[in-house]
Amino acid sequence: MAKGLLVTYALWAVGGPAGLHHLYLGRDSHALLWMLTLGGGGLGWLWEFWKLPSFVAQANRAQGQRQSPGGRTPPLSPMRFAAQLIVGIYFGLVALISLSSMTSFYLVGLPLAVGLGVLLVAAVGNQTSDFKNTLGAAFLTSPMFYGRPIAILPISLAASITAQKHRRYKASVEAETLSVRLYRLGLAYLAFTGPLAYSALCNTAATLSYVAEALGSVLSWFSFFPLLGRLMETALLLPYRIWRLLVGDPVFGSSFFQEWEKLYEFVHSFQDEKRQLAYQVLGLSEGATNEEIHQSYRELVKVWHPDHNRHQKEEAQRHFLEIQAAYEVLSQPRKPRGSWR
């Protein structure tokens, strides 16, 4: 049955951020992506207004085409690559918040989450990518940055490059019933939101700490690129600005930033606590110089290196990782509280 453009626009207007129009067009991967990101933060949903005619035409062509375009490789798309990178980071941050307490998270949970985010974008539309190679790139990159939240960025980059390298058109398959498609989408949605909801409800304090750590990690990525930091903040503030305009309050005075400043104060409070714990791990008082931090780190690493403590290897490994994490925290420059406004 041919898909109608008017119906597609109506579904886009009513339930676009939830991916209803993509579900109608048979673009299940795109529908799931919109469900998990609320229409790409609203920006992707608005941008699609001009793309809907091509989506409808593509869906109608796919219904009349029984064979896949074999032998051809899809053209390289910088926008798809950027979306893969961003969604991979997003999936990694959600995993960091909800699953980072599990054993071997940085070796299993994190690369799996990032790789699946990249593959989800790769499967949007009539394209897909190689599952094994993309996840393999994510798992091979993860040990290089073991125990560091910043690992999300290189893992997503490696998986996105691999997915683009192995991109291909989807093979034609038999049409499935709507109930089967909804069942599959529901399972995927629960797999994404279930751990996050469980962590928030059953371990609220730890979840808040993980959220603050994830936000702090994101903000620290932009500390060396002030322009990108300002663009990042503008993008995060954009939905709130649109909402304020819709409710009829276009005035953006100092009160506009109050709630946003509370968020940064919340993040900074956890960052300060992390620095205090880091000083304790290295046996230093707050305000120690960089030379003192480096010297204490070197001495403690020699004492607790696992190779030097074979009789208590597990304890030494735990202390060794704590020392490395503390040194990494104290090595980062401390940003003033108002620096992100």
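Modeller: Contact means heavy atoms within 4.5 Å of each other. One caution before we use it. This is a predicted model, where local features need pLDDT of at least 70 and side-chain atom pairs count only at pLDDT 80 or more, while totals for chains, interfaces and linings use all residues. Residues are numbered from 1 along each chain as its sequence is written, and side-chain values use heavy atoms, leaving out hydrogens and water.

Colleague: Which residues is Gln164 in contact with, leaving aside its neighbours within four places in sequence?

Modeller: Leu76, Ser77, Arg80, Phe81 and Gln84. Gln164 itself is found in helix H9, residues 152-165. Helices are DSSP runs of H or I with at least four residues, strands are E runs of at least two, and both are numbered from the N terminus.

Colleague: Is Gln164 buried or exposed?

Modeller: Buried means under 20% relative accessible area, exposed means over 50%, and partly exposed lies in between (1.4 Å probe, protein chains only). Gln164 has a relative accessible area of 6%, so Gln164 is buried.

Colleague: How many helices and strands does the protein chain have?

Modeller: It has 15 helices and 2 strands. Buried residues make up 38% of its 341 residues. Take the contacts between residues at least 6 apart in sequence: 69% of them join residues at least 24 apart.

Colleague: At what angle do the axes of helix H3 and helix H10 cross?

Modeller: Two packed helices are described by the angle and the distance between their axes. Axes are lines fitted to C-alpha atoms, for helices over the stretch in contact, with angles from 0 to 180 degrees between N-to-C directions. H3 (residues 28-41) and H10 (residues 178-202) cross at roughly 35°, and their axes come within 11 Å. H3 supplies Asp28, Leu32, Met35 and Leu36 to the contact, and H10 supplies Arg181, Leu185, Ala188, Tyr189 and Phe192.

Colleague: How many salt bridges are found in the whole structure?

Modeller: A salt bridge is a side-chain nitrogen of Lys or Arg within 4 Å of a carboxyl oxygen of Asp or Glu. The search finds 3. One joins Arg181 and Asp28, at 2.7 Å from N to O. This pair links distant parts of the chain, with Arg181 in H10 and Asp28 in H3, 153 residues apart. Both Arg181 and Asp28 are buried.

Colleague: What does Glu176 form a salt bridge with?

Modeller: Arg184, with the closest N and O atoms 2.9 Å apart. Glu176 has 41% relative accessibility, so Glu176 counts as partly exposed. Arg184 is also partly exposed, at 43%.

Colleague: Where do Glu322 and Arg318 lie?

Modeller: Both are in helix H15 (residues 313-331), 4 residues apart, about one turn of the helix. Glu322 is partly exposed at 34% relative accessibility, and Arg318 is partly exposed at 43%.

Colleague: Which residues form a nonpolar patch on the surface?

Modeller: Patch residues have over 30% relative accessible area and no salt bridge; like charges are joined within 9 Å, nonpolar side chains (Val, Leu, Ile, Met, Phe, Trp, Tyr) within 5 Å. Accessible areas come from the Shrake-Rupley method with a 1.4 Å probe; for residues, only the protein chains shown count as cover. Here the patch is Met102, Leu107, Val108, Leu112, Leu116, Phe131, Phe139, Tyr146 and Leu321, with about 700 Å² of accessible area together. H7 gives the largest share, 4 residues. Leu112 sits in H7 and is partly exposed, at 34% relative accessibility.
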